[in-house]
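Subject: Structure for your review

Dear colleague,

Please find below the structure that I am handing over to you. I would be grateful if you could look at it before reading the notes that come after it.

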Amino acid sequence: MADPKPIRRVVTGNDALGRSCVMFDSAAPNVNPGAISRGSCMTDLWVYHGVPAPIAGTRDDGNLPFHFEPPAAGGHLRIVQSSGKPADYDPAQDPAHKPLGPARLRLDGVWDRGGQNFFSSPVHKSATVDYGILLEGERTLLLDRGTVVMKAGDVVVQLGNWHGWTNLNGVSLMAFVMMGAVFDKPPNIRK
């Protein structure tokens, strides 16, 4: 992603006297262009490592090392900016293009079947519960049994299932709250 849009992050808390105040107000510092695919940017706004999450202190839990997955006993809030499909797109000229293939476990603990390109994420699944809120644009959710076109204001709840995302009609901006979870039975890892 050439120039990701800065995401303003306002974090509030309490001062030493217990009065509510702004702790951080600036562009979110944890910006990760191309973290998973060349045409996307992931900005982490806040990460919590366990529940209940600590709410005291002045540390910036939104400026931690990037990990695609949230902490296993916690979660994170992330904004994903994704490029749209170029009018002259040629998969042979796309260094990010990976065709669909057999499932493999990535080093970050995510199951991946490929299928990614400049404007699409890989088809993947993880031990997480994800709330996705489309803020701007249009984005298509790819599932084993069909697709869902999402528009601004739409919300998806994902429960550890195979899925991918593609932007056929322009750029999009989407917020995700991803929380660590466990599969109630071993994941069905199929092609």
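The notes below concern the aromatic rings and the charged side chains placed over them. Please bear in mind that this is a predicted model.

Aromatic pairs

A pair of aromatic rings is described by the distance of the centres and the angle of the planes. The structure holds 2 aromatic pairs. One of them is formed by Tyr-89 and Phe-119, with 4.9 Å from centre to centre and 85° between the planes. This pair is edge-to-face, because an angle over 60 degrees counts as such. The two residues belong to distant parts of the chain, 30 residues apart. Tyr-89 lies in the loop between strand 5 (75-82) and strand 6 (104-105), whereas Phe-119 lies in the loop between strand 7 (111-112) and strand 8 (124-125). Phe-119 has a relative accessible area of 8%, so this residue is buried.

Trp-165 and Phe-176 also form an edge-to-face pair, with centres 6.0 Å apart and planes at 70°. Here, too, distant parts of the chain are linked: Trp-165 is in strand 12 (residues 164-166) and Phe-176 is in strand 13 (residues 172-180), 11 residues apart. Trp-165 is buried, with a relative accessible area of 4%. Phe-176 counts as buried as well, at 6% relative accessibility.

Charges over rings

Where does the charged end of Arg-113 sit? The charged end of Arg-113 is over the ring of Trp-162, 4.4 Å from its centre. Arg-9 lies over the face of Phe-24, at 5.3 Å from the ring centre.

Yours sincerely

Terms used:
Residues numbered from 1 in each chain as written. Predicted model: local features only at pLDDT ≥ 70, side-chain atom pairs only at ≥ 80, totals over all residues. Heavy atoms only, no water. Phe/Tyr/Trp six-rings, centres within 6.5 Å; stacked < 30°, edge-to-face > 60°. Helix = DSSP H or I, 4+ residues; strand = E, 2+ residues; numbered from the N terminus. Buried < 20%, exposed > 50% of the residue type's maximum accessible area, 1.4 Å probe, protein only. Lys NZ or Arg CZ within 6 Å of the ring centre and 35° of its normal.
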